[in-house]
Amino acid sequence: LPTGLHALDVAIWGLWRGELCTIAARAGEGKTTAALQMAHHLASLGKRVLYISLEMPSEQLTERILVQTCGLNAWDLRRGQGAAALDAALAIHRPALAALDLRMVDSAGYDVAEIEHMLHALSNGRGPAAVPDVLFLDHVQLIRSQPDLQRFDLIAEFVRDLKALAVKHRMAVVITSQISRQAMQRKDAQPTL
């Protein structure tokens with residue numbers, strides 16, 4: 001499944017069904033933008049894409065896709081300007097956007113059981129052919145916490161369960177993750193795993 005980011009596709013040979021891929025960076029470095037660009041590209045290739053955001057409402061995600069697709073100025077749109085440019089761009093891009101099988105879900109938190117339930121609801125009796133080809137989860141640190149687990153253990157278990165979900169449903173799973181700011185305190189400021 002090609003991401004549409006050529007250098008990344010060369011490095012990792014695209015996304016693969018049954019695998020989990022992580023986009024990790026510090027806050028504000030474009031994780032959501034990269035994930036949305038990949039999601040839009042895959043949907044434009046006819047792939048079924050489910051994008052779950054634990055961080056921002058689906059309206060903001062849609063706005064970002066419109067900006068990327070239509071080449072609009074996001075700042076103008078945010079300020080309520082550029083309506084004429086938006087109308088003109090939508091007149092051109094509306095058919096292609098309407099044809100995308102790109103579903104966006106926003107929530108304050110999910111666990112794997114709820115994601116599994118959502119996948120079942122999306123298939124709606126149509127079987128495995130209706131399960132998404134790619135599931136994006138933005139971002140993993142915002143999962144609903146359980147009081148009996150340490151945060152690190154909770155995230156590790158969640159990622160393990162997402163990998164199992166990828167294998168079970170033969171879909172690629174892409175998660176975004178924020179890298180700890182503690183790396184900035186080191187001499188070389190390089191993040192570590």
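This is a predicted model: local features need pLDDT of at least 70, side-chain atom pairs count only at pLDDT 80 or more; totals for chains, interfaces and linings use all residues.

Residues are numbered from 1 along each chain as its sequence is written, and side-chain values use heavy atoms, leaving out hydrogens and water.

Entry: α2 and α3. I noted helix α2 as residues 31-44 and helix α3 as residues 58-70, with axes that come within 10 Å and cross at roughly 70°. Axes are lines fitted to C-alpha atoms, for helices over the stretch in contact, and angles run from 0 to 180 degrees between N-to-C directions. That makes α2 roughly perpendicular to α3 (65 to 115 degrees). Helices are DSSP runs of H or I, at least four residues, and strands are runs of E, at least two, numbered from the N terminus.

I listed the contact (heavy atoms within 4.5 Å): Thr 32, Thr 33, Leu 36, Gln 37 and His 40 in α2 meet Leu 61, Arg 64, Ile 65, Gln 68 and Thr 69 in α3. The residues of this contact are three nonpolar, six polar and one charged. Ala, Val, Leu, Ile, Met, Phe, Trp, Tyr, Cys and Pro count as nonpolar, Asp, Glu, Lys and Arg as charged, and the others, Gly among them, as polar.

Entry: α3 and α5. The axes of α3 and helix α5 (residues 83-99) come within 10 Å and cross at roughly 110°. I therefore logged α3 as roughly perpendicular to α5. Ile 65, Leu 66, Thr 69 and Cys 70 in α3 meet Ala 89, Leu 90, His 93 and Leu 97 in α5. I sorted the residues of that contact into six nonpolar, two polar and no charged.

Entry: lining of the second largest pocket. I looked up which element gives the most to this lining, and α3 does, with three residues. By class, the lining residues divide into seven nonpolar, one polar and no charged.

Conventions: Angles under 35 degrees count as roughly parallel, over 145 as roughly antiparallel, 65 to 115 as roughly perpendicular and the rest as oblique.
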